[in-house]
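Please read it alongside the sequence and the 3D view.

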Amino acid sequence: MSKLTLGSYPHMLGFEQLERLLERSAKSGNEGYPPYNIEQTSDFSYRITLAVAGFAEKDLAITIEDRQLVIRGRQGEDSEGRVFLHRGIAARQFQRMFVLADGVEVGDAIMENGLLHVDLTRSRPETVVQTINIRKSE
């Protein structure tokens, strides 16, 4: 049995990059920490919300790397001199990646009540009609 790819459809040209993005997205992992929501806030905007209780703004980094939004969290070690009888609050580092389509731009990032909100906007697609002249071969 052969693997079904976008190249299997002869009328879909130039979608190789999309196929690579889908593969990369599938490999990014399905870890559950930290939990997050993605909501559509309008026809052309989105909001990603991550539950980052215990993290300060300085513990978080948001970057765009090769059309991927990468959100990393690393808490400093502040337990020196403290004795925990029970430690149930996670203090581990994390990395969440979201693949961005062409035309999606990252806007504001806001911390509010232990939640990190990252706003995204998608540019409105232009309708392009182009006429191609047909030349007579010589």
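Strands are DSSP runs of E with at least two residues, helices are DSSP runs of H or I with at least four residues, and both are numbered from the N terminus. Two strands count as paired if DSSP finds at least two bridges between them.

Six bridges hold the antiparallel pairing of β3 with β4 (residues 68-73). Within this part of the chain, Leu60 lies opposite Gly73 of β4.

## The four-stranded sheet

A further open sheet has four strands in the order β1-β2-β7-β6, and its pairing is antiparallel. Its edge strands, β1 (36-42) and β6 (104-112), each pair on one side only.

The antiparallel pairing of β2 and β7 runs over seven bridges, and Ile48 faces Val118 in β7. β6 and β7 are likewise antiparallel, over seven bridges. Glu105 has Thr121 in β7 as its bridge partner. The hairpin of β6 and β7 has two residues between the strands, and in this hairpin Asn113 adopts a positive phi near 55°.

## Salt bridges

How many salt bridges does the structure hold? There are four, where a salt bridge is a side-chain nitrogen of Lys or Arg within 4 Å of a carboxyl oxygen of Asp or Glu. One of them joins the side chains of Asp119 and Arg47 at 2.7 Å, N to O. This pair connects distant parts of the chain, with Asp119 in strand β7 (residues 115-122) and Arg47 in strand β2 (residues 45-51), 72 residues apart. Arg47 is partly exposed because its relative accessible area is 21%; buried means under 20%, exposed over 50%, and partly exposed in between, with a 1.4 Å probe and protein chains only.

Another salt bridge is formed by the side chains of Arg72 and Glu65, at 3.0 Å from N to O. Arg72 has a relative accessible area of 28% and so is partly exposed. Glu65 is also partly exposed, at 32%. The side chains of Asp59 and Lys58 meet in a salt bridge as well, at 3.4 Å from N to O. Asp59 counts as buried because its relative accessibility is 12%, whereas Lys58, at 72%, counts as exposed.

## Surface patch

Phe15, Leu18 and Leu22 make a nonpolar surface patch of about 270 Å². Patches consist of residues with over 30% relative accessible area and no salt bridge; like charges are joined within 9 Å, and nonpolar side chains (Val, Leu, Ile, Met, Phe, Trp, Tyr) within 5 Å. Phe15 sits in the segment before α1 (16-27). With a relative accessible area of 34%, Phe15 is partly exposed.

## The chain overall

The protein chain contains one helix and seven strands. Read from the N terminus, its elements follow the order α-β-β-β-β-β-β-β. Of contacts between residues at least 6 apart in sequence, 51% join residues at least 24 apart, a contact being heavy atoms within 4.5 Å.

The chain has 138 residues, of which 21% count as buried. Its accessible surface amounts to about 11,000 Å², and 51% of that belongs to carbon and sulfur atoms. Accessible areas come from the Shrake-Rupley method with a 1.4 Å probe, and for residues only the protein chains shown count as cover.

## Basis of the values

Residues are numbered from 1 along each chain as its sequence is written, and side-chain values use heavy atoms, with hydrogens and water left out. For this predicted model, local features need pLDDT of at least 70 and side-chain atom pairs count only at pLDDT 80 or more, while totals for chains, interfaces and linings use all residues.
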